[in-house]
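Student: Could we go through the interfaces in this model, setting each value against the definition behind it?

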There are 6 protein chains.
Amino acid sequence: MRPSRRAPDQLRPVSLERGVVKYAEGSCMVKFGDTHVLVTATLEERLPPWLKGQGRGWVTAEYGMLPRATLERTRREAAAGKQGGRTVEIQRLIGRSLRAAVDLEALGERQITVDCDVIQADGGTRTASITGAWVALADCIGWMKNRNMLKANVLRDNVAAISCGIYQGTPVLDLDYAEDSEAETDANFVMTGDGRIIEVQGTAEKTPFSQDEFLALMELARKGVARLVDLQKLAVA
Amino acid sequence: MRPSRRAPDQLRPVSLERGVVKYAEGSCMVKFGDTHVLVTATLEERLPPWLKGQGRGWVTAEYGMLPRATLERTRREAAAGKQGGRTVEIQRLIGRSLRAAVDLEALGERQITVDCDVIQADGGTRTASITGAWVALADCIGWMKNRNMLKANVLRDNVAAISCGIYQGTPVLDLDYAEDSEAETDANFVMTGDGRIIEVQGTAEKTPFSQDEFLALMELARKGVARLVDLQKLAVA
Amino acid sequence: MRPSRRAPDQLRPVSLERGVVKYAEGSCMVKFGDTHVLVTATLEERLPPWLKGQGRGWVTAEYGMLPRATLERTRREAAAGKQGGRTVEIQRLIGRSLRAAVDLEALGERQITVDCDVIQADGGTRTASITGAWVALADCIGWMKNRNMLKANVLRDNVAAISCGIYQGTPVLDLDYAEDSEAETDANFVMTGDGRIIEVQGTAEKTPFSQDEFLALMELARKGVARLVDLQKLAVA
Amino acid sequence: MRPSRRAPDQLRPVSLERGVVKYAEGSCMVKFGDTHVLVTATLEERLPPWLKGQGRGWVTAEYGMLPRATLERTRREAAAGKQGGRTVEIQRLIGRSLRAAVDLEALGERQITVDCDVIQADGGTRTASITGAWVALADCIGWMKNRNMLKANVLRDNVAAISCGIYQGTPVLDLDYAEDSEAETDANFVMTGDGRIIEVQGTAEKTPFSQDEFLALMELARKGVARLVDLQKLAVA
Amino acid sequence: MRPSRRAPDQLRPVSLERGVVKYAEGSCMVKFGDTHVLVTATLEERLPPWLKGQGRGWVTAEYGMLPRATLERTRREAAAGKQGGRTVEIQRLIGRSLRAAVDLEALGERQITVDCDVIQADGGTRTASITGAWVALADCIGWMKNRNMLKANVLRDNVAAISCGIYQGTPVLDLDYAEDSEAETDANFVMTGDGRIIEVQGTAEKTPFSQDEFLALMELARKGVARLVDLQKLAVA
Amino acid sequence: MRPSRRAPDQLRPVSLERGVVKYAEGSCMVKFGDTHVLVTATLEERLPPWLKGQGRGWVTAEYGMLPRATLERTRREAAAGKQGGRTVEIQRLIGRSLRAAVDLEALGERQITVDCDVIQADGGTRTASITGAWVALADCIGWMKNRNMLKANVLRDNVAAISCGIYQGTPVLDLDYAEDSEAETDANFVMTGDGRIIEVQGTAEKTPFSQDEFLALMELARKGVARLVDLQKLAVA
């Protein structure tokens with residue numbers, strides 16, 4: 001029995017709300033249960049120096065957590081003077097995941113920066129961030145289309161992400177914090193709307209796992225992502 | 001005529017919503033028009049080293065801004081590796097302002113950290129932060145009272161803050177960004193519920209101002225703070 | 001009775017000595033009693049990037065304190081790897097105060113950097129710094145005039161600053177450290193030669209103060225600044 | 001045809017040389033073709049603060065690259081003043097991977113720090129590091145056994161790692177730099193001696209991949225790791 | 001002919017003024033011509049962690065330069081966020097030089113920190129700093145003796161330093177900036193009152209030098225240091 | 001009797017191996033007994049900004065130590081976030097030493113960066129670094145000559161370095177760690193192939209030393225450097 005009484009293949013209540021802040025070209029408040037992330041997408045007519053003059057654009061991401069998004073207060077990274085290893089790892093993952101579905105040539109010589117700021121954290125902040133980031137990105141691209149800034153299609157497909165894990169011997173979908181801190185194995189899957197894999201990260205938190213266990217997790221993830229993609233389509237419709 | 005068509009002594013629509021995040025001992029989402037700040041208050045049973053063993057507690061504040069709280073994206077301070085001068089100035093002001101109304105002996109050897117994170121900025125983020133921080137602090141102290149952690153009254157009085165300025169020759173209350181960027185003079189007033197002054201900061205943005213002009217601003221501030229204190233009382237009732 | 005036996009409206013002995021270092025375009029050793037600050041003004045034919053090509057110049061300030069300017073040794077900020085919040089706050093104040101009296105168009109596309117380094121601190125280092133900084137700035141502008149580098153008048157007026165506070169119930173002028181550490185209220189006033197206000201900062205160190213108390217402090221400040229402006233005029237004559 | 005003319009399931013020449021530096025309790029020079037990593041294991045009778053008094057030890061890792069390990073000189077991270085995101089990601093992976101095979105209770109309240117310094121990089125530095133790190137760790141644990149410092153078995157199993165990828169449409173094992181920079185998909189597998197999975201990281205560098213493609217990579221990895229584990233056993237025999 | 005018209009073995013006018021700041025236990029304003037350094041010595045009843053409980057004290061030094069001590073303004077190290085290589089090198093040299101003449105056991109478990117801040121720089125700031133630092137140190141030790149804090153003699157001998165160099169083919173003593181920037185060879189000598197060597201640093205700025213040239217410089221230095229030691233004795237008498 | 005049973009004027013076994021890494025334009029593994037340093041020389045067609053357009057090139061050096069090069073593990077400077085004072089001092093020395101023998105005009109507008117990374121440290125890492133750095137530099141210049149990139153001779157002479165010290169009353173050559181940590185006096189000499197001095201650094205570790213003692217050390221150094229220069233000539237032949 002999961003602490004939240006969910007079925008093993010059941011997501012938490014998910015909501016994806018577009019257009020939640022005033023200034024950003026794209027934005028989304030994404031909620032996976034008690035995990036809430038505010039995502040904004042910023043369009044800028046400039047590129048990192050190493051990319052200039054190649055006829056391609058860039059999509060990058062930054063990730064942060066408000067100090068009291070967590071059960072105990074976490075030190076503010078700006079005050080600590082640097083981003084922690086976990087932060088760096090997550091924001092690199094978000095950026096890579098989005099770029100896999102973006103036609104950078106079609107974007108043109110521009111940069112879109114996606115900021116994911118966790119307002120409240122109850123497990124799965126990176127998967128919620130990626131899922132919401134795609135909506136904010138789509139929102140931003142819609143903004144550009146409305147201004148006739150794009151000639152071709154920039155977004156090739158949807159991108160969504162979900163975590164799975166083996167909790168008390170059973171493979172379960174979309175771990176919350178109570179499960180995550182107890183799980184034997186934890187895996188994050190980033191997939192496209194057509195069911196292909198962009199990124200897989202599986203980690204044995206306690207004991208190494210077998211290939212069969214891994215495939216069971218991948219099967220759960222496939223279902224979860226399909227559901228998230230449906231919700232994304234509703235959100236941007 | 002003000003860009004927002006407000007009367008010179010009219011606040012923007014203000015809301016103060018308590019209990020907006022799950023984990024914090026106290027919290028408040030404060031809105032002064034399009035300026036939105038999420039404030040949390042964290043209680044910790046520890047003190048900065050220089051304060052240990054003196055029978056007194058401490059209240060401190062940190063301030064941050066989400067990168068796309070602003071019209072153009074601002075660089076994330078955690079990525080830049082340090083807090084800017086403006087951030088440091090504001091968080092020191094918030095901490096000082098709150099401490100002026102707190103009985104640190106009655107608090108006991110504990111620290112309350114108030115985090116003010118600007119979700120959207122349209123002028124007056126420091127005054128909104130202080131006004132909302134008092135509510136989050138009161139919320140946190142209520143939490144302590146419910147657990148019988150306090151013997152005496154900790155909060156001596158309300159604390160609220162408002163900006164005033166001279167815009168196109170006229171003293172006006174609660175400047176939004178459109179006014180603030182054009183104002184000749186800008187002043188922030190932090191006051192108590194009984195109308196006394198905790199902090200005054202007046203700056204000639206363009207040309208120096210006279211004592212009479214300053215007094216006109218102070219008069220406006222007095223009215224504005226009185227209104228904010230009424231709203232605080234409703235919020236914590 | 002003040003610890004220094006001064007009358008409530010009496011400044012400490014003030015001296016403003018120009019031309020105290022060999023290389024700087026302008027310089028001033030300012031002493032407010034035992035508070036000694038060495039100020040230099042550096043002219044450079046370059047501008048911060050965000051100001052280039054606008055036909056205007058810039059005046060900025062930096063502030064520092066020698067480690068043993070204080071009763072107990074203070075950690076060297078260069079060794080700590082960053083400037084503290086108080087330092088940042090003060091140097092921003094000095095820069096803003098000077099710019100309020102400078103015609104940046106008349107200065108032309110050049111930058112003047114004012115460095116205020118506290119040799120010995122006995123309260124009031126920021127007000128002494130501003131008062132001395134104006135002399136160093138005037139010295140630097142004189143240097144430029146002697147070289148026919150300026151067509152119009154750059155300095156619109158004098159700028160001087162003084163602190164006031166309520167010490168044992170009495171409003172007093174120009175607090176030294178013994179008073180400052182005991183004062184109920186502390187305020188700094190930056191004013192022009194013609195008596196207008198550039199910056200006001202009033203802080204309730206212990207208990208909030210009334211408007212009448214504040215006005216009494218402002219009255220004292222007006223007298224003190226007038227006296228400082230007289231001394232500045234003598235210094236640059 | 002692979003640039004190195006290897007068969008799709010062929011490793012580069014691998015060598016694992018123990019005891020290569022004088023002072024370390026364990027060490028290994030690992031070479032995967034032209035990728036050379038010097039690994040040392042340091043035993044210290046101290047623990048990170050958050051782990052003290054729990055009857056368990058700790059294994060952690062740090063990773064670095066000599067500036068001219070690469071085709072073009074890379075900036076020295078010590079001079080840049082911080083470790084880059086890629087470095088942080090890799091050293092966290094190495095530490096997690098080793099801990100999955102270590103009985104931390106049997107280790108006792110001690111820390112082993114594994115340092116992986118890349119002398120020359122030709123792709124696969126993280127997988128070579130993990131594979132060599134296990135040898136240095138085993139070497140260190142042998143050193144402890146020789147001094148009767150351990151009562152129980154600390155190392156539960158071997159740990160080795162290998163990369164796979166889809167290069168010009170074909171799944172291949174152990175990518176060198178020429179392949180890695182061209183591969184459509186890149187995955188790293190960390191596995192135990194008995195064939196279970198510790199960590200899987202698969203990334204679509206260019207286009208998302210299917211589940212079948214992923215399973216083909218996993219099959220290759222299984223073969224490669226089995227071969228590496230055989231070489232580890234020879235090295236520590 | 002030297003630019004200053006001095007004889008080859010002639011020092012610049014040297015002054016060593018004790019007791020120049022109010023709070024420090026020891027202080028000295030040292031001038032070698034236009035090179036002016038303010039030195040303070042701070043006594044603290046604490047030690048660096050690695051020295052605790054060994055019955056010995058410590059003497060250390062820090063060095064800094066005011067931004068406009070130089071012909072062109074130098075960036076403030078506190079603003080740059082770190083001490084430059086030259087600063088670190090000089091402060092390590094000053095500390096080592098002083099410790100060579102101090103009986104650390106006789107000092108007891110205390111630390112003396114010597115701060116050397118260059119007010120104006122015209123070459124030879126490190127030798128002026130060392131020479132003045134010895135006076136400030138002696139001043140501080142006198143302060144301790146007056147309070148009966150010392151049982152044995154702490155200062156074993158004088159320590160003074162001077163630079164020499166080969167300028168236009170001639171060995172000269174005490175280089176000023178005009179000479180230093182043109183010298184073929186530059187050497188700094190730190191010596192005791194009885195003529196022994198504490199530290200020698202000789203550098204070929206342009207072309208390598210012969211042993212005979214080096215011995216000529218050492219001979220000049222011996223004379224210069226003897227003169228400086230006489231002046232130190234006068235200063236502390 | 002020296003711990004290593006060497007004669008007072010006997011070097012440790014020295015080896016200088018060229019071409020030890022794949023990518024660098026020049027490289028050398030230098031060993032002075034158990035002190036091993038990997039040196040690479042990187043040629044880049046760019047210059048530091050302050051040197052551009054002057055028709056001259058630049059040679060600079062960086063120095064680092066692997067964490068377990070030492071008896072006890074040293075903290076990684078990249079993780080500490082800065083290079084320590086000793087590191088900065090040594091890399092500045094290496095750069096200055098090499099430049100004294102390089103014709104920067106003949107090099108042309110290019111930079112050579114020499115990286116010295118200590119693999120194992122047993123005393124004398126800076127002298128081994130300089131001696132090996134000259135070989136890597138010569139290797140790099142050979143690489144340039146083979147590509148007809150140079151018109152004139154760039155290397156004017158050999159540069160080698162050795163330490164000497166007074167160990168148990170006797171002047172000895174090439175101190176290892178056991179001697180260095182006990183020596184009364186420690187001196188490093190950097191000399192050219194024709195016996196002239198580039199840099200001398202002598203430090204009284206315990207008690208000041210006499211001129212005669214210093215001359216005895218210099219005599220030993222002269223012999224040692226002559227032997228090292230012979231070995232360099234063999235290495236680059």
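Tutor: We will take the terms one at a time.

Tutor: This is a predicted model, in which local features need pLDDT of at least 70 and side-chain atom pairs count only at pLDDT 80 or more, while totals for chains, interfaces and linings use all residues. Residues are numbered from 1 along each chain as its sequence is written, chains are lettered from A and ligands numbered from 1 in the order in which they are written, and side-chain values use heavy atoms, with hydrogens and water left out.

Student: Why is the pair Arg76(B) and Glu62(A) called a salt bridge?

Tutor: The term requires a side-chain nitrogen of Lys or Arg within 4 Å of a carboxyl oxygen of Asp or Glu. The closest N and O atoms of Arg76(B) and Glu62(A) are 2.9 Å apart, so the pair meets the rule. Across the interface of chain B and chain A, the rule finds 14 salt bridges.

Student: What makes up the side of chain B that touches chain A, by class?

Tutor: That side has 15 nonpolar, eight polar and 13 charged residues, where Ala, Val, Leu, Ile, Met, Phe, Trp, Tyr, Cys and Pro count as nonpolar, Asp, Glu, Lys and Arg as charged, and the others, Gly among them, as polar.

Student: How do you know that chain A and chain C do not touch?

Tutor: Contact means heavy atoms within 4.5 Å, and chain A and chain C do not touch, their nearest C-alpha atoms being 10 Å apart. Chain C and chain D do not touch either, with nearest C-alpha atoms 12 Å apart. By contrast, the contact of chain B and chain A takes 36 residues from each of the two chains.
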